[in-house]
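Student: May we work through this model together? I would like to start with something specific.

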Amino acid sequence: MTQPASLDSDTISSAIDGAVPAAHRQAKYQVRFDWSAEGAAAVAADADVVVWVDALADAPAPELPGDGAVLAAGLTDASAVARWILAEQVRLGRRAMIALVAAGGATPSGATRFAVEDLLAAGAVVDALASVGIDYSSPEAAAACAAFTGLRGAVAHLLTASVSGQERVAAGAVPADIAPAGRLDASDAVTVLRAPRQNGAPAAE
């Protein structure tokens, strides 16, 4: 993806400081899903685990709200991320609250745009979480999961054919350079961007 100009700590802080409508927090659901900085402010502040989803990661994740663990995820490590989250839930000794935040792409003006590869990668994580028994998902997370399961066989093609993939091709990449990011569960490694809180207490709202 191309990093949106809106994804910086000042923007996230501004979004957090502003009033987030209660409905936007998806607070009653164990697995939530939203997009970019404002979405992170809505769903991630009280999460035990925040998953920054960027299928074509080419820029660092921004600082994300809350004090829970932060993981990076894409299509290649969705199942590994789900297993990590399950282990963290066991460590906590209670239901872990999970926020998936899709990075999205950037418009020419720098605003965040929809990025199909990040939707599919988020859906892959939601699907993998359901496979380990973590399946109380918000409608937003469930819709991402349905997109992934419906298009599972085409994700590698969609990755290269997407706006973000074609941006890379226009910049000189060849499809073979992009294809590895679409190989489902090719990696068992999990990228931890922020370690989990050690006392297991939920974040204060």
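Tutor: Let us start with helix 2, whose buried residues are Ser 36, Ala 37, Gly 39, Ala 40, Ala 41, Ala 42 and Val 43. Buried means under 20% relative accessible area, exposed means over 50%, and partly exposed lies in between, with a 1.4 Å probe and protein chains only. Helices (H or I, at least four residues) and strands (E, at least two) are DSSP runs, numbered from the N terminus.

Student: What does that say about helix 2 as a whole?

Tutor: Helix 2 covers residues 36-43, and seven of its eight residues are buried, so it is largely enclosed by the rest of the structure.

Student: Before we go on, what kind of model is this?

Tutor: It is a predicted model, in which local features need pLDDT of at least 70, side-chain atom pairs count only at pLDDT 80 or more, and totals for chains, interfaces and linings use all residues. Residues are numbered from 1 along each chain as its sequence is written, and side-chain values use heavy atoms, with hydrogens and water left out.

Student: And how many helices and strands are in the chain?

Tutor: The chain has eight helices and seven strands. Of its 205 residues, 48% are buried.

Student: What is the order of the strands in the open sheet?

Tutor: Five strands form an open sheet in the order 1-4-2-3-7, with mixed pairing. Two strands pair if DSSP finds at least two bridges between them. The edges are strand 1 (31-35) and strand 7 (191-194), each of which pairs on one side only. On average, neighbouring strands of this sheet are turned by 25° against each other, direction ignored.

Student: Is strand 4 buried or exposed?

Tutor: Five of the five residues of strand 4 are buried, so this strand is largely enclosed by the rest of the structure. Ile 98, Leu 100 and Ala 102 point one way, Ala 99 and Val 101 point the other way, and all are buried. In a regular strand the side chains alternate between the two faces of the sheet.

Student: In which sense does strand 4 pair with strand 1, and with strand 2?

Tutor: Strand 1 pairs with strand 4 (residues 98-102) in the parallel sense over five bridges, with Asp 34 standing opposite Val 101. Strand 2 and strand 4 also pair in the parallel sense over five bridges, and there Val 51 stands opposite Leu 100.

Student: Which strands does helix 3 lie across?

Tutor: Helix 3 lies across strand 2 (49-53), strand 3 (69-73), strand 4 and strand 7, and it runs at about 165° to strand 3. Axes are lines fitted to C-alpha atoms, for helices over the stretch in contact, and angles run from 0 to 180 degrees between N-to-C directions. Contact means heavy atoms within 4.5 Å.

Student: At what angle does helix 3 pack with helix 4?

Tutor: Helix 3 (residues 78-92) and helix 4 (residues 116-131) pack at about 50°, with their axes 8 Å apart. The two helices are therefore oblique to each other. Angles under 35 degrees count as roughly parallel, over 145 as roughly antiparallel, 65 to 115 as roughly perpendicular and the rest as oblique.

Student: Which residues of helix 3 and helix 4 meet?

Tutor: Ala 78, Ser 79, Val 81, Ala 82 and Ile 85 of helix 3 meet Ala 124, Val 125, Ala 128 and Leu 129 of helix 4. Eight of the residues in the contact of helix 3 with helix 4 are nonpolar, one is polar and none is charged. Ala, Val, Leu, Ile, Met, Phe, Trp, Tyr, Cys and Pro count as nonpolar, Asp, Glu, Lys and Arg as charged, and the others, Gly among them, as polar.

Student: And how far apart are the axes of helix 4 and helix 5?

Tutor: The axes of helix 4 and helix 5 (residues 139-151) are 7 Å apart, at an angle of about 100°. That makes helix 4 roughly perpendicular to helix 5. Their contact has 10 nonpolar, two polar and one charged residues.

Student: What does Asp 127 touch?

Tutor: Asp 127 lies in helix 4 and touches Cys 145, Phe 148, Thr 149 and Arg 152, not counting residues up to four places away in sequence.

Student: One last topic: what phi does Gln 26 have, and what phi does Asp 185 have?

Tutor: Gln 26 has a positive phi of about 55° although it is not a glycine, and Asp 185 likewise has a positive phi of about 55°. Most residues other than glycine have a negative phi. Gln 26 is buried, with a relative accessible area of 8%, whereas Asp 185 is partly exposed at 39%.
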